[in-house]
Amino acid sequence: QVQLVESGGGLVQPGESLRLSCAASERTNYVMGWFRQAPGQEREFVAAISFDGGSTWYADSVKGRFTISRDNAENTLYLQMNSPKVEDTAVYYCNRVIRYNNRWLAQFGWGQGTQVTVSS
């Protein structure tokens, strides 16, 4: 199974941009996505991107603010977080994803994630 390592999290103020990265140990020839989990909440889907980057999908809560992208030459997935809000505070995870029964499902085990804290 491919190893995924998330990075780039930190403490930011509302409106301050942040870019998360997810480095894969090998080529990822499939749809990849980001999830997040806030304290006391279930893990939720954030965004997904097709292998060629031509298609992207977003949760309504981040649409228009976050941008998912990937660099297949570097085996790296990104999440650009613009205009973050306090409610975006969570641990962010990347994973292989599939769409099933109108839901985005992760296919691999979870890494350690990267903590994003949005606070003034």
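The side chains of arginine 65 and aspartate 88 meet in a salt bridge, 2.7 Å from N to O. A salt bridge here is a side-chain nitrogen of Lys or Arg within 4 Å of a carboxyl oxygen of Asp or Glu. Arginine 65 lies in the loop between β6 (56-58) and β7, and aspartate 88 in the loop between β8 and β9, so the pair ties together parts that are 23 residues apart in sequence. Both arginine 65 and aspartate 88 are buried. Buried means under 20% relative accessible area, exposed means over 50%, and partly exposed lies in between (1.4 Å probe, protein chains only). Through shared partners, salt bridges join Arg36, Glu44, Arg65 and Asp88 into one network.

The model is predicted: local features need pLDDT of at least 70, side-chain atom pairs count only at pLDDT 80 or more, and totals for chains, interfaces and linings use all residues. Residues are numbered from 1 along each chain as its sequence is written, and side-chain values use heavy atoms, with hydrogens and water left out.

The structure holds 4 salt bridges. One of them links glutamate 44 and arginine 36, at 2.6 Å from N to O. Arginine 36 is buried, with a relative accessible area of 5%. Glutamate 44 is partly exposed, at 36%. Another salt bridge pairs lysine 63 with aspartate 60, and their closest N and O atoms are 3.1 Å apart. Lysine 63 counts as partly exposed at 49% relative accessibility. Aspartate 60 counts as exposed at 66%.

The chain has 0 helices and 11 strands. Both kinds of element are DSSP runs numbered from the N terminus: helices are H or I with at least four residues, strands are E with at least two. The radius of gyration of the chain is 13 Å, close to the 14 Å that the globule rule gives for 120 residues, so the chain is as compact as a globular protein of that length. This radius is taken over C-alpha atoms, and the rule is 2.2 Å times the number of residues to the power 0.38. Along its principal axes, the C-alpha trace spans about 40 × 30 × 25 Å.

Strands of a sheet pair through backbone hydrogen bonds, either parallel or antiparallel. In this model, 4 strands form an open sheet in the order β1-β3-β8-β7, with antiparallel pairing. Two strands pair if DSSP finds at least two bridges between them. The edge strands, β1 (4-7) and β7 (66-71), each pair on one side only. Within the sheet, β3 (residues 18-24) and β8 (residues 76-81) pair in the antiparallel sense over 6 bridges. Arginine 19 has glutamine 80 in β8 as its bridge partner.

A hairpin is formed by β9 and β10, with 2 residues between the strands. Strand β9 (residues 90-100) and strand β10 (residues 103-106) run antiparallel and are joined by 4 bridges. The bridge partner of isoleucine 98 in β10 is leucine 105. Asparagine 101 takes a positive phi near 50° in this hairpin.

Buried residues make up 41% of the 120 residues in the chain. Among contacts (heavy atoms within 4.5 Å) between residues at least 6 apart in sequence, 54% join residues at least 24 apart. The chain exposes about 6,500 Å², and carbon and sulfur atoms supply 42% of that area. Accessible areas come from the Shrake-Rupley method with a 1.4 Å probe; for residues, only the protein chains shown count as cover.
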